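Hi everyone, thanks for coming.

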Amino acid sequence: MRPDPYHWMSRVDDIVVGHLVAEREWYDVATTHLAPLTRVLHAEMTTRMPATDSSVSSRHQGYSYYTVTPAEREYDQLFRRRNNGDSDDEGEPEMLLDVNALVTESGYVELGLTSVSPDNALLAWSVDRAGDEVFELHFRDLSSGQDLDEVIPRSYYGGAWSADSRSFFYTVHDEAFRPHQVWRHDIGTPVDSDTLVLEETDQQYELSVRSTRSGALVVIWAQNRDTREVWVIEAGQPKGPALSVGGRRRGVEYHAEHAVLPDGSDLLLVVTNDGATEFRVVGCPVPRAGHQDSSAWFDLRPEDPAERVERIDAFAGSAVLTSRVGGGNRLRILELDDLGSPGIVVDSAFEPGSIALGDNAEFETDRITIREESYLNPPVWSYLELATGARTPRHRREAPGHDPASYLAEIKTFESADGTPVPATILRHVDTPLDGSAPCLMYAYGAYESVYPDREWDAAIPSLLDRGVVYVHAHVRGGGEGGRRWWLDGRLAAKQHTFDDHIAVADGLAAAGLVDGTRIATRGLSAGGLLQGAVFSQRPDRWRAVVAEVPFVDVVTTMFDASIPLTANEWDEWGDPRRPADFAWMLAYSPYENPPPAGGRPDLLATGALHDPRVMVFEPAKWVARLRETDPEWGPRCLFRVETGAGAHVGPAGRFAHLGYEAEVYAWVLDRLGIATTTDSRVSSE
């Protein structure tokens, strides 16, 4: 047995809640001096947001759907207009849902889904008002604007309509917040008579559900970290069986997209890692007579080891392949009858930047919407012609007062402990030299093959750059920047590579004289918070300050307890401590088990949320308590910002509230870096 003097915090009873409230009160007192800077930063960040924002429209079933965020409001309003030919602007706007009107005394609102029925008459929508990702599912009659009495109190993300608009498929999660069931609700019937469609009994898997773009199928899939099984239901026969597309084999992942060929026949396009580490594309019949296994699959596009295939989207006559090449995104337009060809390659117009499909619900189309952006360039949505690859801009998000030309972005590589080159994106103001004089804030995630953030515009970052801070995003192993192999080399027994990579980038920045090595701060969230906890312990001398947001830091204890959300599903990411080898490697890096020596620790800001279903609030609470206990003199330099009311895994909801949180974090970081000024570092005070 391992001693755990703070295990009592895992109860989260009145005593623990009282402790968390006291932590928040101490944080508020300890950061009082930062209030003026926080207000200035928040004002700067919100200035870069358009007063009134609107999305591009997405056409579907004779309407164009779009959102508007009104001036001085936190949340979106969902609208539609009736189409007239090719125009998106015909017809009077019709408001379907005002998210601002859903705010209650909790002050928190997050939508799980909005889905209009195929006959355009009903809107399925779900809402979470606590931040715990438990969504209440509603159905709105769009002719009257009134919600039906049929309210489903507990649901999760995702849903799908039947072809006749009379049934809706949705997921339900268990007490461990694992979506384990798919149910069907028939409109006009009591919710307690809903039908269980599929249940996943293996606690390592979770279920999801969606419609195909063609509208012909409902797709259900079960997945853990390295295995997936897919079923389909005919949308025109919603009471029919869910039939497997390729069975389930441990270590084999696949997902399916419905395609309709020019002759009217159909098939499924399947992206899989079966025999292909970076994934390939195969085809198979739509199972209609019964379940099928992978023996029904046939080759369409072989693996390219240099290109990680992520998904394929089918439209009438064409398909678009989304992949990752050289750390960046790529789209590839392919003809359905020649999926093995090079096709038309479409890369981001920004370098380094990202490119992705927008909201493209229409199946019968010869053009789609794409979204391009970068860390320093707000998103641009464009039409992409499927026949030629030509782009026509549709909408640019405004960023008042922001000039991308005032900043520089470049990618450099740094050698990790085992010799692996690790890329890092470096952002700075044009007036900030890379000569060893500037402070630095690093960011990294490094888990789940996720790229987070994926070269996305962030209205907060310029406030750092304007004050002479160099911002560095380290693309460490465990993430997906280098494809599937990059993830495999940073998970399970190889997890230490993630931490080594982050430290190597920091050391490399200092050794090369690019930034001030005595003023490097580092930040990360969730699994990225684990990364921060690990490097805090392993190299406390390297950092001036560490921000560990909702950090997964009590690794061994959490992964022993399958009743904790996400635990069983993530044994294939971190390891199963019931196995001696797994236990040993997890124990070696778990931050809670490995506090750094007293003396010489950097300043620490940890965050948590009482209602967070992904990282339980007791993890950062226990970690902070243990760190203070093992170095009492340092203790006052350790702050714990905990959301004791409504609040989510990624912080407050709402566009202004979330920027307020970012302003708090950046004010603390700037203060720790010695730049606690309310003005641009290059502008003298009057």
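How far does helix H6 reach from its first C-alpha to its last? Before I answer, please keep in mind that this is a predicted model. Helix H6 covers residues 527-538, and the span comes out at 17 Å, close to the 16 Å expected for its 12 residues at 1.5 Å a residue.

Now, is H6 enclosed or open to the outside? Since 11 of its 12 residues are buried, the helix is largely enclosed by the rest of the structure. Among the buried ones are Gly528, Gly529, Leu530, Leu531, Val535 and Phe536, and Gln532 and Ser537 are buried too.

In general, nonpolar side chains of soluble globular proteins tend to be buried together. Here the largest nonpolar core has 62 residues, and those with the most contacts inside it include Met442, Val472, Leu509 and Trp574.

Last stop, a sheet. Four strands make an open, antiparallel sheet in the order S23-S24-S25-S26. S23 (308-315) and S26 (344-347) are the edge strands, each pairing on one side only. On average, neighbouring strands are turned by 20° against each other, ignoring direction. S23 and S24 (residues 318-325) are joined by 7 bridges, and Ile312 has Leu321 in S24 as its bridge partner.

That's my tour, thank you!

Technical notes
Residues numbered from 1 in each chain as written. Predicted model: local features only at pLDDT ≥ 70, side-chain atom pairs only at ≥ 80, totals over all residues. Heavy atoms only, no water. Helix = DSSP H or I, 4+ residues; strand = E, 2+ residues; numbered from the N terminus. Expected span 1.5 Å × (residues − 1). Buried < 20%, exposed > 50% of the residue type's maximum accessible area, 1.4 Å probe, protein only. Core = buried A, V, L, I, M, F, W, Y, C linked by side-chain atoms within 4.5 Å. Pairing = 2+ DSSP bridges. Axes fitted to C-alpha atoms, helices over the stretch in contact; angles between N-to-C directions.
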